[in-house]
Amino acid sequence: MIPNSRKEIIARMLGELGLKDVKELYSDVPQTLLLDRPPDVGKSMSQADVSNVFEREILGRILDVNLIFTGGGIADHYVPALVDELSSRQEFYTSYTPYQPEVSQGVLQALFEYQSLMAELLGMDVVNASLYDYASALGEAGRFSIRVTKRNKIVLASTIHPERYSVLKTYVEPLGTELVSIPYDESGELSLEDLSSVVDESVAMVYVESPNFFGIIETRIEEISQLCHDKGALLAVGVDPLSLGLIKPPGEMGADIVIGEGQHLGGYMNYGGPSLGIFAIKRRFRHIRQMPGRLIGITRTVDGKFRGYSMVLQTREQHIRQEEATSNITTNSSLMAIRAAIYLSLLGPDGIRKVSEKIFYNTLYLKRKINELPCFKTLFPGSISFKEIPVIADKSWENINKFLLSKGILGGFIIGSRFPKLDSEKKIALFSTTEVHTKKDLDYLIQSMREVC
Amino acid sequence: MRYIQARWEEGDGILEPTVFELGKRGDGGTPIVSIEEELMEEIGNLDEILPEKIVRRSIDLPGLSEPEVARHFSHLAQMNFGVDSGPYWLGSCTMKYTPKLAMRIASVSKIRRLHPYAPEEQVQGILKALYELKEMLSKITGLPYFSLQPAAGAQGELVGALMIRKKFMDLGEKRDEILIPESAHGSNFASAAMAGFKVIRIPPSDEGTVDLNALKAAINERTAGMMITNPNTLGIFESDVLEIADVLHSNGSYLYYDGANLNAIMGWILLSDMGVDIAHLNIHKTFSAPHGGGGPGAGAVGTTEEFRDFLPIPVISRRGDYYFLDYNVPKTIGKVRMFYGNIGVLIKAWVYLKLLGGEGVRSVSTVAVLNANYARKKLIEMGFEVLYGKDRPCKHEFVLSLSEVKKKYGIRALDFAKALIDRGFHPPTIYFPLIVPEAFMMEPTESDSLREIDGYVNAMKEILRRIEENPEEILQAPKNSAIGRIDDVFGNKKLWLTWKIYESEGR
């Protein structure tokens, strides 16, 4: 891996420098700091040996299961082969931030297309070139809303993912922001009554997820948006982009900010990361100036002859604005955004609609079948849900999941103490189903669950 | 050397068309799944199940076939320069080669399809790899505790700054100032500000290093800490680091280390010996994970015992041979992203360090520093100027100032950079650090061969000669890239940020 590490090359280069020993390269370092020997991180291993150790000690101790029904914000989606193939091109994955646009048109245009495709899907005007993940996008959305409105209170649905809540808290804590949670109604949707009693002129942002942590689609985004806008608060909506093949996008229902997890669009679970933080806003000049993250725009060559792409509004960013920057983000999730661009380009309107529909069908079917079982029922059975299904059991979920695992199924995510607001008496696990599951898979899950009863 | 990048030219001033120009919008595309008839029959028509007001009527995405998409993105890839294309001396970014074994291992299906909420006892392998990575990072830095959660270096900085903030809240002290040298990465300033600190700038000494007197003048009872990069962004080792640490510690303040430049000293110096309290390491720089066209990276954060209880949750711990996600971090700053970190990136560092071993780790830094010193010497001999630290060895990078070239011939660092493109070299970082006029920040890394380094410096020399003969030619560069010189101002004026905006305003 190190072409010049051969002794004779080192000697030759040292000779050019008038040095005898590589240690002299560190003559400016207080000599007491220099270590006698390299750190003990083990001996160098050959490629074949590393492969072997990985197979035996790492892969050998990871479960082998093909049917994944675990929910909680990340799910097993189908990744088209084309996405893997194209995103493994070294020009995409080994390059860095396109600071030199003339040799980086490929990444720039791919990211511009990501911004454009995502804007269409979300019904929004402006999408940045990616943030780290859904949760940090929420953190940035919170800080953005505070900058824009100069208010310092954020109102949230209590049904948002608890980990996202934690991240938001971390991000706004230094600002002393007040966070207010709004309960849900009997359908699992945000309680409008409670919301209207809380939203006033001190609120910077109202945040709601659709589908929410329980997979419930909010059917009253337009009413929520009205409530916010009457008081000058921004509405931020968190989405699962794959639901938007069928569901009207939040941009068309009054959202000022849309965030979401783009991992579902051609990304893998990877034990939780890397992921793709989606961040979109409406096109208001003052807001664009306050956006976090990179933006790619169309420009032209100096001679005016060609259309090209470059990073724009860099004056918002840390490398220029330093402590006045809109965010500290530098390295982002570009490759994941490029994957999402390839995914959306390949699927097109028909492909996206089909994936959305399939997940809806699977969710509806699974919910129905679970509710027919004697010892399980779902939370909010009558509501419209997508992908995630909270299931109540009268037995211990640890045991149920163990049994399911013996059947080759990775079961629900046990909410337990992670979501203390929920009645602790109820034993709830979050299941999810995606387009990878066939009806046979769902029937097999149901049959296995029946055996528990 | 000469380099001619692929250029796909559609005509009418358009290179590769966008996907919106290639496919008709609103219908078509490639279904990747099918829905079973049985299921549809059992459930019924979704249009009747979903309330009318939330149903989407149209999706204006373009509809394309698989071969069309394959060619389109292949064309785009061809119009992009990567580390495997050629030398990429983007200073401060450590554009090193990624061993392909790391790519292969990260693509194994069992890793890719691993659900973050899978039961711990079923994922012992991945937890073990992450734990081993943490241990190796500890050995390399001397910092005993690590969080692998931050998604990038800047997020690591934020974590570090938040831990320092929380530490003083815990101590009941009001300390709201962070000291940062003027030559630091912009993200340091931004991260400190995000964590609620007031930023105090420390000017450089004539040597380009931290001015100890300026530091002593700035430090006071409100100083929470200082963020330093060592070697700094000039590629100069902060030889006074022990005094700096002393000044801070005797004031009850902490030393934060920005690991962007760790590639210079890895295996030679422990951060803990330099008095560092908290550090972030850039997994995508020093530890060979690729940069992904801008990300994803990973920013591991290491600390001393003093900050152990403040790390983000969960940390990865072990009991005997059992590895687990440990939420028992009493004073944690909370979480900065979902789940546990960019695992797909981190696993590549595990592979990299296994391949290197201890000797290899040291060899990386040795050769990176040797390459930089060799290139710097050659360039100085050719008449290029180094403003700071010329009489001492540089570390893994160095910064030229092209202000003489600009004065004599009107050629700016930007123009010079563009000329390098035509010769097959990715330009260095330019106009940074800000304290060097017409800065050319060059980082060869250990991945370049002597032939390539000679090629790079000879190209610099040749450009200099061309400038003397015909500066006009350099102003026209690049000529061989996919596109000619880009007009940045125009794009910033127009703000055509999506195809839809461009369609309605730009055409």
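Guide: Let us begin with a term. A nonpolar core is a set of buried Ala, Val, Leu, Ile, Met, Phe, Trp, Tyr and Cys residues joined through C-beta atoms within 7 Å. A residue is buried if 20 or more other C-beta atoms lie within 10 Å of its own, exposed if 12 or fewer, and partly exposed in between, with C-beta atoms placed from the backbone. This is a predicted model, in which local features need pLDDT of at least 70 and side-chain atom pairs count only at pLDDT 80 or more, while totals for chains, interfaces and linings use all residues. Residues are numbered from 1 along each chain as its sequence is written, and chains are lettered from A and ligands numbered from 1 in the order in which they are written.

Visitor: Which residues touch the most other members of the largest nonpolar core?

Guide: In soluble globular proteins, nonpolar side chains tend to be buried together. Here the largest nonpolar core has 322 residues, and A:Val206, A:Ala280, B:Ile126 and B:Leu346 touch the most other members. Two residues are in contact if their C-beta atoms, placed from the backbone, lie within 7 Å. Beyond its neighbours within four places in sequence, B:Leu346 has contacts that include B:Leu130, B:Leu133, B:Leu148 and B:Ile283.

Visitor: How many residues of each chain are in contact with the other chain?

Guide: On chain B there are 184 such residues, and they are in contact with 167 residues of chain A. Helix H12 (residues 343-381) of chain B gives the most to the side of chain B that touches chain A, namely 24 residues. Helices (H or I, at least four residues) and strands (E, at least two) are DSSP runs, numbered from the N terminus. By class, that side of chain B has 99 nonpolar, 53 polar and 32 charged residues. In this count Ala, Val, Leu, Ile, Met, Phe, Trp, Tyr, Cys and Pro are nonpolar, Asp, Glu, Lys and Arg are charged, and the others, Gly among them, are polar.

Visitor: Which strands are joined by bridges between chain A and chain B?

Guide: Strands of a sheet pair through backbone hydrogen bonds, either parallel or antiparallel. Two strands count as paired if DSSP finds at least two bridges between them. Strand E9 (residues 295-301) of chain A and strand E15 (residues 486-487) of chain B run antiparallel and are joined by two bridges. In E15(B), B:Ile486 is the bridge partner of A:Thr301.

Visitor: What is the strand order in the open sheet of four strands in chain A?

Guide: The order is E11-E12-E15-E14, with antiparallel pairing. Strand E11 (376-378) and strand E14 (413-414) of chain A stand at the edges, each with a single partner strand, so one side of each has no neighbour in the sheet. Two bridges link E14(A) to strand E15 (residues 427-432) of chain A in the antiparallel sense, and A:Phe413 has A:Leu430 in E15(A) as its bridge partner.

Visitor: How many helices and strands does chain B have?

Guide: Chain B has 18 helices and 15 strands. Its radius of gyration is 26 Å, close to the 23 Å that the globule rule gives for 507 residues, so chain B is as compact as a globular protein of that length. The radius of gyration is taken over C-alpha atoms, and the globule rule is 2.2 Å times the number of residues to the power 0.38. Buried residues make up 59% of the 507 residues in chain B.

Visitor: Is helix H9 of chain B mostly covered or exposed, and what covers it?

Guide: Helix H9 (residues 186-194) of chain B is mostly covered, as nine of its nine residues are buried. The elements covering the buried residues of H9(B) include helix H11 (318-321) of chain A and helix H8 (153-171) of chain B. Just after H9(B), B:Gly196 takes a positive phi of about 95°.

Visitor: Where does A:Gln322 lie, and what is its phi?

Guide: A:Gln322 lies in the loop between H11 and helix H12 (334-372) of chain A. Its phi is near 50°, a positive value in a residue other than glycine. A:Gln322 is buried, with 23 other C-beta atoms within 10 Å.

Visitor: Which residues does a cis peptide bond join?

Guide: One such bond joins B:Ile313 and B:Pro314, with omega about -10°. Another joins B:Ala477 and B:Pro478, with omega about 0°.
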